[in-house]
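Please keep the sequence and the structure in view while reading.

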Amino acid sequence: NLPALAAKDQRQLTQLGIESFPMLIQRTGPKGWRAFLNFFAAEIENDNTRSAYLTAVQEFLGDCEASGIEELEHIEPFIVGAYVQHLQKKRKLSKPTVKLKLAGIRKFFDHLVVNQVIERSPALSVRGPKVKTQKGKTRVLTREELQQLLSSVDRTTLVGKRDFAWLTLAASSCCRVGAIAKLRVKDYEHSGKRSFIHVEEKGGK
């Protein structure tokens with residue numbers, strides 16, 4: 001018999017938006033429970049990524065359970081591969097979506113290996129679909145369009161000066177909008193004749 005779930009663990013599950021562990025995780029005992037919670041509650045910082053990975057893992061483990069698999073150790077690479085094919089051919093999901101789901105499953109199993117819940121990852125050797133990006137979706141402004149945009153900013157006001165600096169930085173650095181929006185005064189550094197702006201991009205880069 002497995003021990004009862006601690007109150008703090010139940011709170012973390014609730015915060016993740018689920019009522020209980022997937023059955024395959026439930027059967028691993030406290031070590032597996034903690035690894036599950038640590039992965040989704042502590043390892044992943046981005047809320048959207050966490051939600052996407054959690055859904056991917058829940059769906060995959062649920063599919064395994066429905067197929068009669070009773071232990072995590074019984075999941076083989078060919079099972080993960082067949083699931084990837086199922087996502088593409090039966091559920092008709094796009095290649096980027098399938099690739100995202102496989103990434104979540106693979107990283108989750110890697111985490112279980114590191115935490116000695118299982119000995120090997122069944123997803124390690126499974127390849128996802130190749131995604132080809134021919135052209136970006138965001139149109140690049142011409143020099144004339146950029147000049148017109150910058151000249152439309154009223155730099156006699158404090159807000160205008162802020163907007164002009166924001167737009168100039170965006171145009172010259174190609175940083176993401178979200179990264180620039182998070183900038184603070186402390187991120188600006190002046191050293192000698194040079195000035196630096198520290199921008200944090202996705203993944204903490």
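Ser121 is buried, with a relative accessible area of 12%. The model discussed here is a predicted one. Ser121 belongs to the loop between H6 and helix H7 (143-151).

**Buried residues and their contacts**
- Not counting residues up to four places away in sequence, Ser121 touches Arg106, Phe109, Asp110 and Val113.
- His111 is located in helix H6.
- The relative accessible area of His111 is 12%, under the 20% limit, and His111 therefore counts as buried.
- When neighbours within four places in sequence are left aside, the contacts of His111 are Ala35, Asn38, Phe39 and Glu43.

**Positive phi outside glycine**
- Gln116, which is not a glycine, has a positive phi of about 60°.
- Gln116 sits in the loop between H6 and H7 and is exposed, with a relative accessible area of 60%.
- Lys92 is a residue other than glycine, and its phi is positive, near 60°.
- The loop between helix H5 (77-89) and H6 holds Lys92.
- Lys92 has a relative accessible area of 65%, over the 50% limit, so Lys92 is classed as exposed.

**Surface charge**
- Lys95, Arg127, Lys130 and Lys132 form a positive surface patch.
- One of these residues, Lys95, lies in helix H6, which spans residues 95-114.
- Lys95 is partly exposed, because its relative accessible area of 45% falls between the limits of 20% and 50%.

Note on methods. Residues are numbered from 1 along each chain as its sequence is written. This is a predicted model: local features need pLDDT of at least 70, side-chain atom pairs count only at pLDDT 80 or more; totals for chains, interfaces and linings use all residues. Side-chain values use heavy atoms; hydrogens and water are left out. Patches are made of residues with over 30% relative accessible area and no salt bridge: like charges are joined within 9 Å, nonpolar side chains (Val, Leu, Ile, Met, Phe, Trp, Tyr) within 5 Å. Accessible areas come from the Shrake-Rupley method with a 1.4 Å probe; for residues, only the protein chains shown count as cover. A salt bridge is a side-chain nitrogen of Lys or Arg within 4 Å of a carboxyl oxygen of Asp or Glu. Lys and Arg count as positive and Asp and Glu as negative; His and the chain ends are not counted. The place of a charge is taken as NZ of Lys, CZ of Arg, CG of Asp or CD of Glu. Helices (H or I, at least four residues) and strands (E, at least two) are DSSP runs, numbered from the N terminus. Buried means under 20% relative accessible area, exposed over 50%, partly exposed in between (1.4 Å probe, protein chains only). Contact means heavy atoms within 4.5 Å.
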